[in-house]
Amino acid sequence: MSQTTTPNTAAGGVADFLDTRLGASKAVRGLSRKLFPDHWSFMLGEIALYSFIVLLLSGTFLTLFFVPSMGMTTYEGAYAPLNNVPMSEAYASTLRLSFDIRGGLLMRQVHHWAALLFIASMTVHMFRVFFTGAFRKPRELNWMIGSVLALLGLGAGFSGYSLPDDLLSGNGLRIIDGVIKSIPVVGTYLSFFLFDGEFPGESIIPRLYIVHVLLIPGLILALVGAHLGLVFWQKHTQYPGPGRTNQNVVGFPLLPVYAAKAGGFFFVVFGIMALFGSFVSINSVWNYGPYDPSPISAGTQPDWYILFIDGALRLMPGWEWTVAGFTISFNILIPGLILPGLMTGILIAWPFLESWASGDRREHHVLDRPRNVPVRTAAGVAAIVFYTVLALAATNDLLATHLGLSINDITWTLRFTAILGPPIAFWITKRICLGLQRHDRELALHGRETGRIVRTADGEYFEVHEPLNEYDRWLLVQHDARRPIELPPDVDENGVARPGARKDRIRQKLSRWFYEDRIEPLTPSELAASHAEHEHALEAGEGEERPVVTTGR
Amino acid sequence: MDTREQGGASSELVTRDEDGNLPDRFENPGPPPHRYRLADTDPKAAKNAERQVAALFGISILGTIFAIVAYFLFTPENTFASIKLSNTTLGLGLGLALLGIGLGAIHWAKTLMPDHEMTEMRHPMRGTDEDRTKALEVLETGAAESGIGRRPLVRNTLLGALALVGLPGIVLLRDLGPLPKDSLTKTLWAKGVRLTRDPDGKPIKAADVTRGSIFHVIPQGLNESERPLEEKAKAAVLVIRMDPNMIQEKDPAREGWDVDGIFAYSLICTHVGCPVALYEQQTHHLLCPCHQSTYDATQYCKVIFGPAKRALPQLPIAIDDEGYLVAQSDFKEPVGPSFWERG
């Protein structure tokens, strides 16, 4: 080492220690000035990450006091109404944690709120990634990792919800048991293996505990590492804008701006969770009592992210048949397993479905504006509508009591809405997207309305439009209008059938569905022509014109 | 309507190349001019921002101290109010401590750190052709050196071994639980077992069951049984009394299963097993609060709405010498949610 880099300060000494052993200087040099594009919607994934860290911290505190056992005990503690009531160790320790440990209730509530936020932020983050097309090549794998993370989040949430062994969590498990038992052939066995015998048994809490505190968090940590590693390696996407291209990244360096903002944001998320935990009570398990298979109260809902499955269970008609002496319960199988499986499958496969339809094999680092990809946006909105209707269905009893309506009417309405709502939402969204694109085109072509009315010498009135500057205009004209793929003919000139022609026809149908209806972005020649025409029209005294629009069929 | 731009602007709007031709697409105009913040140009504003950041960090310090003081000062007693006070003050202190740091750091970054956006180039994810050739070479060399292609016997036995080696892991899971056998078709109910109140286990006299009343019932001895929760999850019963003439179509097979209009039905929903705990006296409907399966007691608890398919199984009951309600037998069919072998 040369004389000039010999450290003579304490910090320099530490840096030297690390560099000579780990080669840290290379990493610092390479990473610390890495650029990150700035946009509020890029924080959504950050919220998920930070709420996960809050979950790890608050959860660790909870494990110090929680006893994951279904052994029976008799509660004696600060909460008088449940004194001398027999209950499981799990429930008793949850009560002790809430009432006898200072800060225990706070940590429980912080943990629960952070769990809700974790899944909510992942969901909204996925919306952002989906609607902006951030999942496109080369990021399909990271989309899949993210989808698995969201599923693991659901698993973490559900397993944690079940641990306190109160009346509500026990009923949640009861429903899971019913869903598992509906699986053809192996359902009964799976249920007996999961619960170590008949429901509820004495093993499910310790088993879920290890799933909740080790297995799922471990997997989430590993996948979060991969997820973020890929974001670093592939560099972040950016929104379209002047100066931003598919070949560059425009943003702030990791050090110091991004580190300060992101690090600060972690504390903000944690702080807000702490305030929620202190001011807004959640899951007051002491009100429900210990689990018992016979009592239950009306108006009990699962945590929000399970609502859609519960709602699907409620909407399903009683389709159950006995075939050759065996029972098949479609009333449970479809909403409990098939539907969530299908939704997850489409979610994970979407990037590949879309690139198959577009035939686009290029890398994409500039995000789409949702309006410029109407079918994707419409499909996303349709999926959200479907999901929301199912979630709403899980509150049908509350809707009935609060709105004074018949629960049967509400259920029937939601059954139809679940089927008809998504296609209607799809159609409306697609029309809105195309409308917005037309508006963009108009704006790029004619500029902003100024509200200033001018009368010409020969008495004609017109409103003055102020042309956009080139930076504002760029946002409206930068995108490609994707076109349906063109196929070679099914048979060549010698009448020989082309291999794969049938598969290609399906592909072309899909491609047409995606890209048939579109608005071509404005081109310079159109803009120039429009202006030339205007000047001409001004002279000739006529100004009618139509935007150039291509629509399908 | 007439829409026109200001005259004469068109020549500036579109950039032509040297030959005067228009490009096919607009060209990216490059980054817009930078706009300076107040703190960039005015040292006073910068000083102000500095003070605000420091104030936020100061709030954090106060919050931390407050949280620690609150921990010792507001110890929860056996009252809700004291627990709430402890919870609120602790959380408030912690929240301020964290938010102070977070907001301070963000404010610092936004007002005082450079806000010039920078640009760096991306590189295609794909390796260069040379990389790819080299990588392939390395892999091929590795494969050739291992001889995996030349020695199919080694390869195939390895594949076979790998395919099988996970099996013990699955077999080891066998003892996760016992086999179901007939446990789902049997409950604690049997001939002569008394119907007792849930949860205290007091036997029920037929005379106490008045018309319109409802009893949550467990079999006698359930609380003393080896696994009371598992037994209760199957054996819980609902007893209602109604005018026998209310029954819409009498089922001759169920003749004598009730005691003078006292009917006993399984409490466990045949959908996914929640307790069917809501009873509408006027309509004699039973409602499951989980997914709203509705059963009609005037039709032997047939499903009239919701996702369940099967009626609630009826428990045949009788009256013993002392006037208490007893079961005639176990249920005639499995109770609770459906399962494959149920038939």
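This is a predicted model: local features need pLDDT of at least 70, side-chain atom pairs count only at pLDDT 80 or more; totals for chains, interfaces and linings use all residues.

I started with strand E4 (residues 248-253) of chain A, which pairs with strand E2 (residues 118-121) of chain B in the antiparallel sense over four bridges. Strands here are DSSP runs of E of at least two residues, helices are runs of H or I of at least four, and both are numbered from the N terminus; two strands pair if DSSP finds at least two bridges between them. I looked up Asn248(A) and found its bridge partner in E2(B) to be Met121(B).

Residues are numbered from 1 along each chain as its sequence is written, and chains are lettered from A and ligands numbered from 1 in the order in which they are written.

Next, the contact between the chains: 110 residues come from chain A and 90 residues from chain B, with C-beta atoms, placed from the backbone, within 7 Å counting as contact. On the side of chain A that touches chain B, helix H10 (residues 254-279) gives the most, 17 residues.

Then I turned to chain B and its open sheet of four strands, ordered E7-E8-E9-E10 with antiparallel pairing. Strands E7 (278-280) and E10 (302-305) of chain B are at the edges with a single partner strand each, so one side of each has no neighbour in the sheet. Inside this chain, E8 (residues 285-287) and E9 (residues 294-296) of chain B run antiparallel, joined by three bridges. Leu287(B) is opposite Thr294(B) in E9(B).

Definitions and conventions: Two residues are in contact if their C-beta atoms, placed from the backbone, lie within 7 Å.
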